[in-house]
Amino acid sequence: MIAAALRERIVARAYDDVIPTEQELMAEFQVSRYSMRAALQMLVDEGLIERHSGRGTFVTGREPSDGRWSARSIEELIGEHLKRHPEVLSVGVIRAGDYPSAMVACEASTDTPLLMTERLYRLDHKPQVYMRGFMAASLAHHIVVADIGSGSLVRTVEKASGRQVVKLRQVMGATIGEGRVKEMLQLDGKVAVLTMQRFYLDAIGQLVIYSENYCAGERSPFVTELVRQ
């Protein structure tokens, strides 16, 4: 969470070239020196800042590196942690039975309507990650499509529904890219793709969003780093 807040400030140019001192940041965020140093090291690893003993911490870049589909915290997963805005392919109400995995995840019946979004991230003009999101169809009248393409889907849904995501469960696997997945990722032949099923839950454990992400593995290695706060 600390790294995410500092990252947003750096990208938004809230800091010029110099980051406040460790002591100042510790006082602001009310955290230990260990937690603050861990957060700053994340930004060093991303190429956003450099630290020099006796001189201070300096901004070296304004955008996170885009070579990896990476995550270090739930906040990054919710924020979707990529600097590029996704291309919105479609937003509409579908029949749950047409998407069996979503029907099961949403505990829906065959004919239950669900709102589905399709988005695509590209890297160097090549499709990198194809994303499908499923949520209550009642949100269709409250979500602004433009918001889905300009920021985090989760934050857009939180605003529309008045519910906050506090927990995320992720299931990773692999499958052969076929049908719509193969088409969207522009795969040749039978190619394995990384799959990430994400269950975004509210404070009482109820599902807010279910999403399926399909990643072309050779284009987007997924890296997870967990830091004890």
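**Close-up views of a predicted model**

View 1. Gly92 is found in strand 5, which spans residues 87-95, in what is a predicted model rather than an experimental one. With a relative accessible area of 26%, Gly92 counts as partly exposed, because that value falls between the 20% limit for buried residues and the 50% limit for exposed ones. Once residues up to four places away in sequence are set aside, Gly92 touches Leu114, Leu115 and Met116. For Leu114, which lies 22 residues from Gly92 along the chain, the separation of the two C-alpha atoms is 8.3 Å.

**View 2. The crossing of helix 1 and helix 2.** Two packed helices are described by the angle between their axes and the distance between the axes. Here the axes of helix 1 (residues 2-11) and helix 2 (residues 22-29) come within 12 Å of one another and cross at roughly 115°, which means that helix 1 is roughly perpendicular to helix 2. The crossing in which helix 1 passes helix 2 is right-handed. On the side of helix 1, the residues that meet helix 2 are Ile2, Ala5, Leu6 and Arg9, and their counterparts in helix 2 are Leu25, Glu28 and Phe29. By residue class, this contact of helix 1 with helix 2 is made up of five nonpolar and two charged residues, with no polar ones.

**View 3. The largest nonpolar core and a second, separate one.** In soluble globular proteins, nonpolar side chains tend to be buried together. The largest nonpolar core in this model holds 16 residues, of which Leu6, Ile10, Ile19, Leu25, Leu43 and Ile49 touch the most other members. Helix 1, helix 2 and helix 3 (33-45) each supply at least two residues of this core, and the largest share, five residues, comes from helix 3. For Ile19, leaving aside its neighbours within four places in sequence, the residues in contact are Ile10, Leu25, Ile49, Thr57 and Val59.

**View 4. Ser32 in the loop between helix 2 and helix 3.** The loop that lies between helix 2 and helix 3 contains Ser32, whose relative accessibility of 36% makes it partly exposed. The C-alpha atom of Ser32 is separated by 9.9 Å from that of Glu22, a residue 10 places away along the chain.

Terms used
Residues numbered from 1 in each chain as written. Predicted model: local features only at pLDDT ≥ 70, side-chain atom pairs only at ≥ 80, totals over all residues. Heavy atoms only, no water. Axes fitted to C-alpha atoms, helices over the stretch in contact; angles between N-to-C directions. Helix = DSSP H or I, 4+ residues; strand = E, 2+ residues; numbered from the N terminus. Parallel < 35°, antiparallel > 145°, perpendicular 65-115°, else oblique. Left-handed = near helix turned anticlockwise from the far one by under 90°. Contact = heavy atoms within 4.5 Å. Nonpolar A, V, L, I, M, F, W, Y, C, P; charged D, E, K, R; others polar. Core = buried A, V, L, I, M, F, W, Y, C linked by side-chain atoms within 4.5 Å. Buried < 20%, exposed > 50% of the residue type's maximum accessible area, 1.4 Å probe, protein only.
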